[in-house]
Amino acid sequence: MTPPLLAACCLVAMLAAPLAAVRAESPPCQVPAELQRIDMRLPHLAARLRAHKPVTVVAIGGGSTAGAAAGSPDLAYPSRLREALARRYPESAIVVVNKGVPRQSAEQMRERFPRDVFAEHPVLVIWETGIVDAVRSTPIDEFADAVQRGLGALNERGIDTILVDMQFSRTTTAMIDFDLYLSTLHQVGELDGVYVFPRFEMMRYWSEQNMFNFDEVAASERTRLAARVYDCIGRRLASAIRLAVQ
Amino acid sequence: MAAPTKSRDLRLDFFRGVALIFIFADHIPGNVLSYFTLQAVAFYDAAEVFIFISGFTAALVYGQRLIAKGALYATAQIWRRAWQLYVAHVFLFVIFIGEVSYTVKAFHNPMYNEETRVADFLVQPHVAVVKALLLEFQPTFLDILPLYILMMLIFPAILLMISRRPMLVLVPSLLLYLAVQVFGLSVPAYPEGRTWYFNPLAWQFVFVSGAVLGQIAARGQDLPRLTRDLPRLTRALLPWALMVVCAAVVVRLTWTIGGVWSEVPRLFFKQLWPVDKSDLSPIRLVPFLATVVLAAAWVRRDAKFLASRAARPFVLCGRQSLEVFCLGVVLSALGHFILAEYDNELLMQVAVNAIGIGAMLLTAKMIDWYKRMDREPVMAAAATPRTQRSEGVIRRDEAAE
């Protein structure tokens with residue numbers, strides 16, 4: 001590339017950048033179609049729902065499962081998911097147990113399985129993991145191994161599973177390299193035939209659409225915003241589940 | 001360079017220059033360009049190339065100084081280089097702090113501060129700064145220079161030994177590498193529980209094997225037996241190397257393509273995966289060494305393309321590797337920031353890549369120009385008094401390895 005051409009490219013790019021940032025707002029919780037695609041099935045859950053039998057779901061994960069950011073566990077995504085599922089499947093009594101514990105690696109969560117997951121006899125487990133491993137830079141093979149062994153244990157007991165990937169935050173990316181852990185989690189899911197709920201991409205989309213702006217708002221407002229994000233996550237999970245049990 | 005008789009080996013500059021561009025591209029998460037870098041077709045990536053060539057050139061440059069000016073001088077020169085690298089590392093760390101401080105407001109977001117308390121740094125900045133100075137705190141992007149610095153610190157000892165008995169270094173180095181693979185040895189880092197991302201106990205082998213070959217290249221005619229045997233060894237290894245590289249490229253390529261189009265089956269995905277970079281998994285190392293054999297056999301020192309106009313910018317990049325590397329780290333962090341802040345569309349990605357790579361190439365060209373001007377004798381201009389003219393000295397190239 002010749003220098004004048006290069007300079008022209010630079011100039012165009014600099015002028016284009018702010019324009020690209022301005023975007024129209026869209027209705028809440030909406031995501032592009034490709035983020036709603038799901039190839040996996042949840043056969044055990046589907047059978048229970050068809051038979052109108054009670055369903056226990058365990059949501060195991062970290063701080064964003066526990067939902068302290070929203071101020072109350074009722075506002076965390078598992079609780080929002082339960083409401084959405086109960087609306088859609090009124091014939092089955094649906095319970096979603098929240099087993100979120102902040103600041104735990106995938107391996108630490110896996111170690112909790114006997115007490116927190118198997119003891120509840122769930123039909124479906126939603127496992128939200130990866131953030132803390134990325135923060136702590138767990139060696140990638142150990143992270144992959146922990147997730148694979150966890151999925152193996154769930155599969156052995158005939159429990160349907162959904163993995164949930166990380167939260168997106170455009171401002172922490174300078175310090176945390178989520179990319180590797182994100183792609184690894186998705187690859188594990190693909191290898192083991194487990195659906196990975198693309199929370200990261202969804203939240204990135206919402207962030208790009210400026211749907212939830214945490215900057216420049218009061219602390220109380222931030223808690224409310226967090227609750228809205230969790231609500232969207234819960235709803236989107238419910239519609240993914242609906243597609244997977246059809 | 002200290003050897004005026006021998007022209008610079010452009011292959012080293014060229015491949016290192018290309019590696020630096022790849023490192024820039026690969027450091028931007030989700031960069032489309034990274035589908036076209038080394039890591040898309042090979043199990044290893046530009047990091048191996050960079051460390052290997054760094055070892056090679058270090059042995060080449062300082063090996064010649066060792067012969068010409070003795071061990072003490074060579075040691076002083078190597079440590080001066082280590083110091084430059086250290087200063088560069090600290091400089092990058094300061095930029096990192098700037099970026100972090102700028103984004104501190106993100107921690108107002110209750111959804112993130114609970115989980116990601118990156119704030120390990122923000123809570124105890126005094127500890128983090130000291131740990132960074134001790135090379136124990138290695139934030140994203142600041143992990144490869146500590147390895148390089150450590151290698152340069154111990155390099156005088158390595159150089160002295162390989163100049164006498166290369167095998168006495170190469171064999172223990174390989175054994176250490178194997179010990180890492182078997183026993184999982186690692187070097188602790190900060191914060192608690194972390195380890196060096198580039199495990200120096202494993203990665204030293206890439207640097208040392210580069211250095212051993214560089215030493216042989218530096219000594220040339222002093223080692224008639226090795227100089228004669230090495231090409232023969234290369235030829236003998238060639239078919240095996242070719243097989244390894246081809247197999248690895250085919251397998252890796254199915255992973256890359258299969259990642260985009262799920263219809264393409266990913267060969268041996270389950271068996272070979274994940275490929276560990278920190279400990280330099282043999283799946284990375286073996287194909288890399290095989291590629292070195294191929295490059296040695298096929299890319300001739302006087303290959304035409306190396307001297308071509310098209311290759312020139314990359315050669316210059318490789319020649320000013322420290323500056324260009326640092327710039328690349330800063331630019332990739334910046335590019336990442338821009339893509340995350342605005343959006344990730346293709347046009348934006350193309351612009352970020354074009355600007356980043358353009359800046360790296362231009363900077364290399366500028367530094368090269370400056371160093372050339374600096375080297376030229378202060379010409380006896382008409383205005384210069386006669387007495388001063390005799391003081392015009394030819395300045396040697398700064399440690400340009």
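The legends below describe close-up views of a predicted model.

**View 1. Overview of chain A.** Chain A contains 10 helices and 5 strands. Of its 246 residues, 55% are buried. Among contacts in chain A with a separation of 6 or more, 78% are between residues 24 or more positions apart. The accessible surface of chain A is about 10,600 Å², and carbon and sulfur atoms account for 53% of that surface.

**View 2. Helix α4 of chain A and its surroundings.** Helix α4 of chain A covers residues 77–88. An α-helix has 3.6 residues a turn, so residues three or four places apart point the same way.

**View 3. A charge over a ring in chain A.** Arg157(A) places its charged end over the ring of Phe118(A). The distance to the ring centre is 3.8 Å.

**View 4. The salt bridge between Asp9(B) and Arg301(B).** Over all chains, the whole structure holds 24 salt bridges. In one of them, the side chains of Asp9(B) and Arg301(B) meet with an N to O distance of 3.5 Å. Asp9(B) belongs to the segment before α1 (10–26) of chain B, while Arg301(B) belongs to the loop between α13 (282–298) and α14 (312–319). The two residues are 292 residues apart, and their pair links distant parts of the chain. Asp9(B) has a relative accessible area of 8%, so it counts as buried. Arg301(B), at 36%, is partly exposed.

**View 5. The salt bridge between Asp13(B) and Arg319(B).** The closest N and O atoms of Asp13(B) and Arg319(B) are 3.2 Å apart in this salt bridge. Asp13(B) is buried because its relative accessibility is 1%. Arg319(B) has a relative accessible area of 18% and is also buried, since the cut-off for buried is under 20%.

**View 6. The salt bridge between Arg284(B) and Glu48(B).** Arg284(B) and Glu48(B) form a salt bridge in which the closest N and O atoms are 2.7 Å apart. Arg284(B) is in helix α13 of chain B and Glu48(B) is in helix α3 (residues 46–69), so their pair ties together parts that are 236 residues apart in sequence. Both residues, Arg284(B) and Glu48(B), are buried.

**View 7. The aromatic pair of Tyr44(B) and Phe288(B).** There are 25 aromatic pairs over all chains of the structure. The pair of Tyr44(B) and Phe288(B) is edge-to-face, with 5.2 Å from centre to centre and 75 degrees between the planes. Tyr44(B) lies in the loop between α2 (38–41) and α3 of chain B, and Phe288(B) lies in helix α13, so this pair ties together parts 244 residues apart in sequence. Tyr44(B) is buried at a relative accessible area of 6%, and Phe288(B) is buried at 4%.

**View 8. The rings of Phe269(B) and Trp273(B), with Arg266(B).** Phe269(B) and Trp273(B) form a tilted aromatic pair, 5.8 Å centre to centre with 40 degrees between the planes. Both Phe269(B) and Trp273(B) are buried. Arg266(B) lies over the face of Phe269(B), 4.5 Å from the ring centre.

**View 9. An aromatic cluster in chain B.** The cluster is made up of Phe50(B), Tyr148(B), Phe155(B), Phe207(B) and Phe325(B).

**View 10. His89(B) and its contacts.** His89(B) is part of helix α4 (residues 71–102) of chain B. With a relative accessibility of 1%, His89(B) counts as buried. Apart from neighbours within four places in sequence, His89(B) is in contact with Ala132(B), Leu135(B), Leu142(B), Leu145(B), Pro146(B) and Ile149(B).

Definitions and conventions. Residues are numbered from 1 along each chain as its sequence is written. Chains are lettered from A and ligands numbered from 1 in the order in which they are written. This is a predicted model: local features need pLDDT of at least 70, side-chain atom pairs count only at pLDDT 80 or more; totals for chains, interfaces and linings use all residues. Side-chain values use heavy atoms; hydrogens and water are left out. A salt bridge is a side-chain nitrogen of Lys or Arg within 4 Å of a carboxyl oxygen of Asp or Glu. Helices (H or I, at least four residues) and strands (E, at least two) are DSSP runs, numbered from the N terminus. Buried means under 20% relative accessible area, exposed over 50%, partly exposed in between (1.4 Å probe, protein chains only). Rings of Phe, Tyr and Trp (its six-membered ring) pair if their centres lie within 6.5 Å; planes under 30 degrees apart count as stacked, over 60 as edge-to-face and the rest as tilted. A charge sits over a ring if NZ of Lys or CZ of Arg is within 6 Å of the ring centre and within 35 degrees of the ring normal. The expected span of a helix is 1.5 Å times one less than its number of residues. Contact means heavy atoms within 4.5 Å. Accessible areas come from the Shrake-Rupley method with a 1.4 Å probe; for residues, only the protein chains shown count as cover.
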